[in-house]
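Here are some notes to read alongside the model, written for someone meeting it for the first time. Please keep the 3D view open as you go through the points.

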Amino acid sequence: MAWVLSMDEVIESGLVHDFDSSLSGIGQELGAGAYSMSDVLALPIFKQEDSSLSLDDEAKHPPFQYVMCAATSPAVKLHDETLTYLNQGQSYEIRMLDNRKMGDMPEISGKLVKSIIRVVFHDRRLQYTEHQQLEGWKWNRPGDRLLDLDIPMSVGIIDTRTNPSQLNAVEFLWDPAKRTSAFIQVHCISTEFTPRKHGGEKGVPFRIQVDTFKQNENGEYTDHLHSASCQIKVFKPKGADRKQKNDREKMEKRTAHEKEKYQPSYDTTILTECSPWPDTPTAYVNNSPSPAPTFTATQQSTCSVPDSNSSSPNHQGDGVAQAPGEQIQPSATTQETQQWLLKNRFSSYTRLFSNFSGADLLKLTKEDLVQICGAADGIRLYNALKSRSVRPRLTIYVCQEQPSSTVLQGQPQAAGSGGENGSGTPCVYHAIYLEEMVASEVARKLASVFNIPFHQINQVYRQGPTGIHILVSDQMVQNFQDESCFLFSTVKAENNDGIHIILK
């Protein structure tokens, strides 16, 4: 019996010891230092949940990927969004990549999609006042755009369009099955939207956003497929390179432990998925072989032809010859429009207007052309299309007398009397437009209008009081009254060395 009691005590003491040990173990495992989340997540129940999450990620596989060929900043902390520095006006490539898996989105296979690239504000505060901000920028930079496409460098983009009312957006069609790269230029800098001008480092960040759409049942590109964006800052030319170098040097001075808190710099910037921009996309209707771009112009303008009797054949408007045969007509084909652009020194815009007929080009307003071509070329193209001639500084009207009435020292016949010469024939006057207002220009314009060999004109005289002949000088021309009327005659010079012209 005693043996049994002693055995019970031993067992009881052992159980108590084991229970105490187990309690102490629980306390240690739940201590702050010993607690490991990875051990918890390694449990089978969580592994099963992980597998379901990975399946969801596969279901959300993005159909496209956009990669901008610009390095990210090394001074961005882990888990923060990347930041990329760009130079104002420099062309940067955005590669449009087809990221679909086999069998994904078969409805767009072999078809074009539309992408809209925008530069927008990153700060929510500025997004709410975007319209006012852009209007202020437009007022300070008339004729400029915030975002442009570098069309000559781009690859695979089709039917590019820029809306004059959206200075910060460009759009185009592209084939996902082909190599496509869009080169963009950002013309606004970050400091232009800050109340205090501290330089690019203190400027506001922007976002580059790409929204892609497919065709709906009506052939319009309005069905959203994918959107992605990245954060950027824009500096004056070469400013982005200096900023990138400064960030790199700062990171080199940090300790290895501090560097672990920052992202490495990557050679390219991958745009991350985001919500589509709220604007309604412009409708592309793909029912014609060469659709004409849609702009804000609503009224068609016609090209006016100046009266050949009221202008000098040599008169030119804004550097462009305005002879009737050289004006673009509404009936001009796309090929004839291209030839007209080349002939009138607009060769850099032939590709942009490659699908434009004469009527398409004439429909554009002055504001449209300024937005498309910039202020200088836009106004020049507008004047060329509308046959805008340079207003002459001085206009005179000239009529040639009959040869029989020409004497060197004789008195002039009356130029009045109903505008007739001595024989009763009406005097027909021609307008001479002077821009340089020099004597040589008078001789040159008279020779051109009245078919007189210019090299034969020796001197030009004006007949003064009592029939004297006064040499026409530059100063005399500058003192002509505007719209003065003259009769002129020609006489042979001494020794038959050419002729003299006498204005009366």
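1. Let's begin with S347, which sits in the loop between helix 8 (334–343) and helix 9 (358–363). Helices here are DSSP runs of H or I with at least four residues, strands are runs of E with at least two, and both are numbered from the N terminus. S347 has a relative accessible area of 47%, so this residue is partly exposed. On that scale, buried means under 20% relative accessible area, exposed means over 50%, and partly exposed lies in between (1.4 Å probe, protein chains only). Leaving aside residues up to four places away in sequence, S347 touches L341 and L342, where a contact means heavy atoms within 4.5 Å.

2. A word on the basis of these notes: this is a predicted model, in which local features need pLDDT of at least 70 and side-chain atom pairs count only at pLDDT 80 or more, while totals for chains, interfaces and linings use all residues. Residues are numbered from 1 along each chain as its sequence is written, and side-chain values use heavy atoms, with hydrogens and water left out.

3. For the overall picture, the protein has 13 helices and 20 strands. Of its 504 residues, 40% count as buried. Among contacts with a separation of 6 or more, 71% are between residues 24 or more positions apart.

4. Which residues of helix 6 are buried? They are G239, A240, K243, Q244, D247 and M251. Seen down the axis, these buried residues fall within an arc of 135°, so they line one face of helix 6; the arc is taken from the directions from the helix axis to the C-beta atoms. The face turned away from the buried side carries the exposed residues R242 and E252. The cover over the buried residues includes strand 2 (83–87), strand 10 (221–235) and helix 7 (256–259).

5. Helix 12 (residues 439–449) is mostly covered, with eight of its eleven residues buried.

6. Now for some backbone angles. Most residues other than glycine have a negative phi. M437 is not a glycine, yet has a positive phi of about 55°. M437 lies in the loop between strand 16 and helix 12 and is buried, with a relative accessible area of 9%. After helix 12 comes N451, whose phi is also positive, near 55°. T466, again not a glycine, has a positive phi of about 55°. T466 is in the loop between strand 17 and strand 18 (469–471). Is T466 buried or exposed? At 71% relative accessibility, T466 counts as exposed.

7. Finally, the largest pocket is lined by 26 residues, of which L149, I151, Y349, L352 and I372 lie nearest its centre. Strand 5 (147–149), strand 6 (157–161) and helix 10 (366–373) are the elements that give two or more residues to this lining. A pocket is an open set of points on a 1 Å grid over the protein atoms alone, where a 1.4 Å probe fits, with protein on both sides within 12 Å along at least five of seven lines; lining residues have an atom within 4 Å of a point. The largest share of the lining, three residues, comes from helix 10.
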